[in-house]
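Subject: Structure for your review

Dear colleague,

Please find below the structure that I am handing over to you. My notes on helix packing and on the ligand follow it.

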Amino acid sequence: MVARVIPVEPFDLVVFGGTGDLARRKILPGLYRRFRDGQMPAEARVIGAARRAMETDSYRAFARDAIEEEVAPARRDPDSLGAFLDRLDHVAIDAEGDEGWAELAARMHPDRVRAFYFSVAPRLFGPLAERLHAHGVADAEARIVVEKPFGQDQASARQLNATLAAHFGESQIYRIDHYLGKETVQNLMAVRFANILFEPLWNAQFVDHVQITVAETVGVGGRGGYYDAAGAMRDMVQNHLMQLLCLIAMEPPHRFDPQAVRDEKLKVIRALDPVAPGDIVRGQYAAAGGMNGYLQDVADPDSRTESFVALKAHLSNWRWKGTPFYLRTGKRLRARSSEIAVTFREPPHSIFGEAERWAENVLIIRLQPNEGIKLRVMIKEPGPGGMRLVNVPLDMSFAEALGENGAEIPDAYERLIMDVIRGNQTLFMRGDEVEAAWAWIDPLIAAWEERGSSPQPYEAGSSGPEEAAILMHRDGRRWRGIEP
Ligand code: NAD
């Protein structure tokens, strides 16, 4: 099966923060891959804007280094790299100043899609939106792409929404959550809504519970300052984990279009019950195996910020009443692994007798690494020896399904940037969704602060604090292992 690549229309994309870490690791390499695959048209231009003035050649050299570092040798070649770099430009602009805007305006081509990627600190989102407008750089169709974090609570998110809304309509604002750009996440929707098999079982009557895990091996790294003020709840749960929960739990939208999908996601967030204090565990990694502890990494011996959260969520609606959703995320865990596991209930009666124990049917949606979907089913153990049962995975990995001739599966960022150019907001968060997510998160954080609670320590390289395991054991269930 050969994947089709449909080119997008010509565009001018301005990346504010064009010399930053995100531009270097994700945006520029991603755009190059789309260019090489034939999706970014030859007329398109990418303008890296940053505070410091730089020759265009130096900016192209920066981009070349970034691409050579991030893109596998088999996926790049000198000709296409040279042609891509010819499409790059640089302007010096201070988001809070008025220099450089006229030059930027002059570089924009009429009658092309204009997109502005705000890959800068969130305090600069407002000043950028205002100046894009004031200097006539953004036209009525222009799109802005806004990075996380989108506020640090409901009030600040609301404020940020209002600031952006003063200059751009909601249909022009693309709030990025790169988890939604992952191939498997979209496949989850295909599996649910393009097949008759799962949807009849997709409810509390047949689903015992859902586990959503986003485990990282990295510590806070160079982002210690930001992270220590945020913590895992704000940095991961409010956005990525809640978005995944929405896609699992939402009702079938009447069409796969931005308003319909986002309306359904919003209903899920609003149906979330408050989490009982006993149903949430915070953790903080401690030094182990030669790795620093969190307190050393952020250089604050008194920090009470959590680097791990596990919680049990309930939805008060007809479909899900009684089926818990267990969410877990953390840094410095034993493996890098993100997955959603939907565990179905046991059949009501065993015709094979008590001796034959079965494992449950589990649908495992694996986001990283080794993206793919597996369904664990019971079959007869092959061979002689009577009717013994065994639990095996039915593998629906699409990397294999696409085969040797298939185009590379695009990285989440590059897919989402192409969606911005296509004007498709389905995989971006709407303003009301973000505010509703904060409304669920804020009281949980406030309760910790009120109680002055400290996170439970867990060893770096482990599966998280013991209390997280107990959260499941109490209910007669277990977390799936965190496997690479
Ligand atoms: P960074 O600090 O590496 O880069 C910041 C960029 O902003 C630089 O290009 C700098 O020149 C530019 N800049 C700083 N002040 C400016 C000003 N006054 N006017 C114009 N430009 C200015 O940051 P980053 O890691 O690339 O992150 C960018 C954004 O993306 C942030 O909102 C961050 O939260 C978000 N984000 C980053 C990552 C990541 O992996 N790096 C992941 C998720 C979200």
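Helix α9 (residues 258-271) and helix α13 (residues 431-451) have axes that come within 9 Å and cross at roughly 10°. Here axes are lines fitted to C-alpha atoms, for helices over the stretch in contact, and angles run from 0 to 180 degrees between N-to-C directions. Helices are DSSP runs (H or I, at least four residues), numbered from the N terminus. The two helices α9 and α13 are therefore roughly parallel to each other, a term for angles under 35 degrees, with roughly antiparallel used for those over 145. On the α9 side, the contact (heavy atoms within 4.5 Å) is made by Arg 262, Lys 265, Leu 266 and Ile 269, and on the α13 side by Asp 432, Glu 433, Ala 436 and Ala 437. By class, these residues of α9 and α13 divide into four nonpolar, no polar and four charged. Ala, Val, Leu, Ile, Met, Phe, Trp, Tyr, Cys and Pro count as nonpolar, Asp, Glu, Lys and Arg as charged, and the others, Gly among them, as polar.

The model is predicted: local features need pLDDT of at least 70, side-chain atom pairs count only at pLDDT 80 or more, and totals for chains, interfaces and linings use all residues. Residues are numbered from 1 along each chain as its sequence is written, and side-chain values use heavy atoms, with hydrogens and water left out.

Helix α13 also packs with helix α6 (residues 154-165): their axes come within 8 Å and cross at roughly 165°. That makes α6 roughly antiparallel to α13. From α6, Gln 154, Ala 157, Arg 158 and Asn 161 take part in the contact, and from α13, Gly 431, Val 434, Glu 435, Trp 438, Ala 439 and Asp 442. This contact of α6 with α13 has four nonpolar, three polar and three charged residues.

The axes of helix α7 (residues 183-193) and helix α8 (residues 224-249) come within 10 Å, crossing at roughly 15°. That makes α7 roughly parallel to α8. The residues in contact are Val 185, Leu 188, Met 189 and Arg 192 of α7, with Leu 244, Leu 247, Ile 248 and Ala 249 of α8. They divide into seven nonpolar, no polar and one charged.

Turning to the ligand, a side-chain N or O atom of Thr 19 is 2.7 Å from a ligand oxygen atom. A polar backbone atom of Ala 95 lies 2.8 Å from a nitrogen atom of the ligand.

Yours sincerely

Key:
Angles under 35 degrees count as roughly parallel, over 145 as roughly antiparallel, 65 to 115 as roughly perpendicular and the rest as oblique. A polar contact is a pair of N or O atoms within 3.5 Å; within protein, one must be able to donate a hydrogen and the other to accept it, and residues adjacent in sequence count only if both atoms are side-chain atoms.
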